[in-house]
Amino acid sequence: MEKSLFRYIWTHSKRDQLFICFVVLLSQPFYFISLDLPRRIVNEAIQGEAFKDGNATAPFLQIHIDWPQWLGGGSLHLFDGFQVGRVGLLLGLSSLFLFFVVVNNGFKYWINLAKGVLGERMLRRMRFELFAMVLRFTPEALRTVKSSETATIIKDEVEPIGGFIGDAFITPVLLGMQALTALVFIMVQNVWLGLMALGVIAVQFTIIPKLRRELLRLGKQRQLASRELAGRIGEVLDGIEVVHVHNAYAWERAEIGGRLFGLFSIRLKIYNRKFAVKFLNNFLSQVTPFLFYAIGGYFALRGTLDIGQLVAVINAYRELPPPLKELIDWDQQRLDVQVKYDQVTQHFAEERLGPMIESQEEIEDEPLAGPLVAEGLSISGPHGDMIIEDASFSLELPTNVAMISPGSPAASIMARVLARRVPNFGGRICIGDRELVRLPPAVVGRRVAYAGVDPILFPGSIRDNLIYGLRFRPMGQTEEDRREMAQRIAEAARTGNPFESISDCWIDYERVGLKDEQDLDRVLVTLLERVEMGEAIYLFGLAGQIDPERHTALAERVVEARRRLQENFRSNGMADLVEPFDMGRYNEQATVAENLLFGVPISDEFMGRNLADNPLFRSAIHRAGLTDKLTRMGLEIAETMTEIFQGLPPGHSLFAQFSFIGAEELPEFQAILRRQSRNGHNLKRDERTRLLSLPLAYVEAKHRLGLLDDELRQQVVEARSLIRETLEKADATGVEFYDPERICMAAPLRDNLLFGRVNYQVADARHRVAEAVAAVVRELDLLEDVARIGLDHEVGAAGRLLSPQERASVNLVRCLVKRPDILIIDGALAPFDEERAHRILQALLDHLEQQSLFMVLSNDRQADAFDVQMRFSDGRIVTEKAADPQRRAKTPAMEPAPSVAGEVA
Amino acid sequence: MTLETEVQSLRQVPMFRDVDPARLKLLAFTSERVQFAAGQRFFSQGDPSDAAYVLLDGRASVLLNTPTGDIQVAQLSGNALVGEMGILSDTPRSATIMAAEPTTALRIDKRVFLELLAQFPQMSLAVMRELAQRLERTNAQLVAQSS
């Protein structure tokens with residue numbers, strides 16, 4: 001980026017700046033006219049000065065220019081105007097005034113808009129350039145760059161710069177011109193007084209910036225300190241576990257408290273200085289009139305100065321301070337912003353950045369095949385020690401290589417060199433006739449895959465993460481609103497942003513040998529199964545929701561599967577395992593709320609306790625005559641809960657797991673119970689609501705408080721249609737109702753298959769039901785469709801919603817789906833136990849027949865399965881080709897897909 | 001059958017005889033009532049111990065795994081507590097329990113049980129007392145056998 005902010009602004013926005021400047025100048029005459037009009041309305045029309053010579057009419061819209069005295073006087077008549085009467089003149093001038101008000105505000109509107117847009121565009125450009133530089137940070141720089149600091153730079157620190165850009169050139173031009181006009185006017189009246197004013201201005205413009213230098217230093221400090229504060233908060237949050245484990249709360253609190261004090265002290269110094277400077281500034285601008293009065297008055301008394309001239313000068317001087325003051329403020333802002341800009345550019349200093357990443361030009365995309373030859377390799381470790389010294393080897397690709405270096409990082413570093421993660425090493429590595437370091441990044445990105453210890457996942461679905469490596473460039477436009485697209489691209493062009501849109505299709509299916517999205521999903525699922533994630537993805541699928549538009553095939557068959565499952569339950573004597581939803585029967589295994597709604601809430605107002613507060617629901621159960629009964633039930637539940645949970649300390653895990661009432665609410669419910677027993681049924685409305693909310697979560701089979709009798713059950717069942725009617729009449733869409741013949745999109749897939757609730761009271765029911773579900777899914781050949789829904793499962797921030805093994809599996813599949821020529825695995829199997837790691841390794845070796853696999857191993861135990869063993873010791877590399885890799889013999893026949901069952905809720 | 005009847009059953013168990021009724025209610029409430037079909041196993045010998053059971057209704061056989069097959073060593077019925085030793089000593093199941101007829105039991109989860117013991121000393125004392133009495137009985141039997 002440019003060193004100077006002004007050069008940067010000028011380079012990227014001179015056309016806009018000049019144009020806005022031009023419009024500002026254009027607007028000035030209109031502005032002055034509108035200032036002058038009120039005077040004319042009062043003087044000429046109302047007080048009648050225009051008619052004072054007995055004229056019955058006066059000219060309106062007369063245009064003539066009076067030349068000032070020093071240009072020889074006289075006037076130029078352009079238009080003599082219309083002759084109008086007094087009322088006519090009043091109305092005419094007033095309308096003219098209104099017209100100019102509109103014109104001025106129009107100008108103002110346009111100028112503000114243009115300045116805002118200009119600032120925002122520049123901000124966008126700057127942010128994007130900074131982000132592009134983030135992608136270029138060298139590995140060395142990344143060791144010291146903090147992510148949260150960088151984020152706050154791009155988000156917050158450049159924000160005021162953007163606000164300033166619109167004013168960068170226009171304000172000084174405009175204000176400078178105003179000040180200059182006033183000054184010239186004073187000069188014309190009296191050169192000496194003019195020079196005096198000029199002298200004071202000169203003092204203002206030399207002393208004040210000097211005094212402000214300290215302010216700038218403080219500003220710099222403050223910016224760095226607040227950036228570090230953001231960085232520290234980010235660090236604490238990232239490492240929150242360590243804080244919890246070591247009980248470092250007090251330390252961290254004191255740390256941040258100290259930083260906040262530092263910020264405060266800097267701010268205090270800034271304020272002291274800033275307002276002192278302001279004081280001086282105000283003083284200096286008031287000193288000039290003092291000089292005018294004192295010295296000018298003295299000359300007037302002595303008779304060397306005309307009194308009229310003195311008054312004119314003093315009047316003119318009134319016009320001078322406001323623009324001057326604003327100009328000085330602008331200067332302050334300029335310095336402020338310049339400091340910020342300098343700080344930002346320092347963070348992104350050239351030496352911290354790697355080479356430019358060239359845009360996607362077409363590159364020769366030949367497979368990385370042929371001999372891999374390394375000559376005179378020397379690699380030094382982080383402490384300057386030589387890890388590999390003058391080593392050479394050669395391999396014929398494709399092959400698979402075990403890289404073994406017990407107790408030393410040599411193999412891992414070599415793996416990173418091959419993956420082009422380490423740019424600095426001595427010697428040469430060639431693949432075929434191409435040198436590794438000279439391969440364009442795009443080729444390496446496509447042809448080499450590296451799976452390290454740390455599987456980095458981005459928030460999004462599992463699928464998003466798996467196909468991350470396939471998104472090289474947009475393949476074709478999806479249907480996008482043409483006008484919107486034109487606007488998006490035009491804006492991108494004006495701000496140096498990329499034209500590509502992420503809503504396009506970014507996957508080159510052909511290159512990875514696939515037809516379409518479905519095909520890709522199929523491959524993803526197969527690969528996940530190979531790396532031991534088949535069951536997890538199936539379970540995620542059961543817990544996921546069906547989108548009939550995307551999963552058409554499955555959506556059509558869910559009802560069929562549901563029926564088949566129920567038949568299977570009946571024919572296998574398992575009918576008591578699941579109690580199906582039945583419009584005419586109370587479901588003992590479901591909550592009272594679910595029994596009443598007979599559906600799944602979609603919006604928050606129908607979920608959990610909110611339901612008790614929902615007016616529609618309340619009116620419906622009231623009409624069903626249930627309000628009192630449910631409230632009484634709530635009383636009984638509250639009584640039981642306060643009885644049995646008394647004595648448990650608040651925050652005890654049993655509360656969260658079992659109680660209807662949170663520990664913190666217990667005293668409130670006790671108070672309600674006491675009041676109720678004292679004054680009978682006089683409960684307040686919100687108390688009734690709270691009581692009503694309790695039985696909503698009650699499941700007779702699970703909680704066994706014996707609160708439901710057949711009459712109440714019948715009433716609940718009858719209330720269902722009443723509730724549905726009420727909601728439908730009010731057009732409330734917060735609940736999706738159950739229908740045995742249709743899928744319920746709001747419910748997870750497994751609920752849709754079961755269409756009922758698992759019996760709490762049958763031993764081992766969950767497990768048996770899960771097996772039955774899995775059997776039906778397999779029978780109807782829906783396994784893949786279920787897994788496809790599983791691909792939609794969210795991985796959470798940094799993949800935290802997945803287990804370490806699942807994260808590792810996703811990391812591996814993300815590499816495999818690219819079909820790399822060379823796959824390098826460096827610790828990616830670490831989260832798995834030895835047996836599973838071995839199974840995955842075998843699966844990988846089988847899968848990568850035509851491709852090369854380099855895998856870092858810490859010992860010899862699995863080395864036999866590889867074609868080549870590459871050993872590292874004392875800086876040397878020895879490769880041995882196994883005469884007969886044992887894996888073929890050892891490989892068991894490809895196992896059928898692992899059986900899937902898991903728990904079904 | 002409701003929580004109340006389960007509390008009655010729990011009170012019949014020697015280990016819980018002296019425990020406060022409110023605590024027994026909590027124990028019952030945090031447990032699950034499960035039904036076993038005839039022949040269905042509560043657990044098998046060698047399984048990890050994850051719960052204790054109180055028989056509410058029905059009968060269950062205690063089976064030991066021997067080289068010649070499972071042999072029945074005892075039969076359990078109403079209000080018997082089974083599997084508590086495993087969750088207290090954190091050892092695998094020492095025998096198999098199988099329902100001899102359709103049987104209903106209260107399943108007391110290991111984690112919940114241990115938390116209740118940690119929370120309420122009175123319950124821990126009751127358990128200790130019961131274990132001490134069993135030890136005493138065993139000693140007496142040993143003395144009787146050796147003499």
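User: How many salt bridges are there between chain A and chain B?

Analyst: A salt bridge is a side-chain nitrogen of Lys or Arg within 4 Å of a carboxyl oxygen of Asp or Glu. Between chain A and chain B the count is two. In one of them, K25(B) meets E643(A) through their side chains, at 3.0 Å from N to O. A word on the source: this is a predicted model, where local features need pLDDT of at least 70 and side-chain atom pairs count only at pLDDT 80 or more, while totals for chains, interfaces and linings use all residues. Side-chain values use heavy atoms, with hydrogens and water left out.

User: How many residue pairs are in polar contact across the interface of chain A and chain B?

Analyst: A polar contact is a pair of N or O atoms within 3.5 Å; within protein, one must be able to donate a hydrogen and the other to accept it, and residues adjacent in sequence count only if both atoms are side-chain atoms. Here the rule finds 10 residue pairs, both residues at pLDDT 80 or more. Five residues on the chain A side come from α22(A), the largest share. Helices are DSSP runs of H or I, at least four residues, numbered from the N terminus.

User: How much area do chain A and chain B bury between them?

Analyst: Buried area is the accessible area (1.4 Å probe) that two parts lose on being put together, summed over both. The two chains bury about 2000 Å², 54% of it on carbon and sulfur atoms. In chain A, I644(A), R704(A) and Q761(A) lose the most, together 35% of what that side buries. Contact means heavy atoms within 4.5 Å. It takes 25 residues from chain A and 24 residues from chain B.

User: Which residues touch the most other members of the largest nonpolar core?

Analyst: In soluble globular proteins, nonpolar side chains tend to be buried together. A nonpolar core is a set of buried Ala, Val, Leu, Ile, Met, Phe, Trp, Tyr and Cys residues joined through side-chain atoms within 4.5 Å. Buried means under 20% relative accessible area, exposed over 50%, partly exposed in between (1.4 Å probe, protein chains only). The largest core has 76 residues; L596(A), L626(A), F645(A), Y698(A), F16(B), L27(B) and F29(B) touch the most other members. Helix α22 (residues 627-645) of chain A gives the largest share, eight residues.

User: Is L780(A) buried or exposed?

Analyst: L780(A) is buried, with a relative accessible area of 5%. L780(A) sits in the loop between α29 (765-779) and α30 (783-790) of chain A. Beyond four places in sequence, L780(A) touches R557(A), E560(A), A561(A) and R564(A).

Key
Residues are numbered from 1 along each chain as its sequence is written. Chains are lettered from A and ligands numbered from 1 in the order in which they are written. Helices (H or I, at least four residues) and strands (E, at least two) are DSSP runs, numbered from the N terminus.
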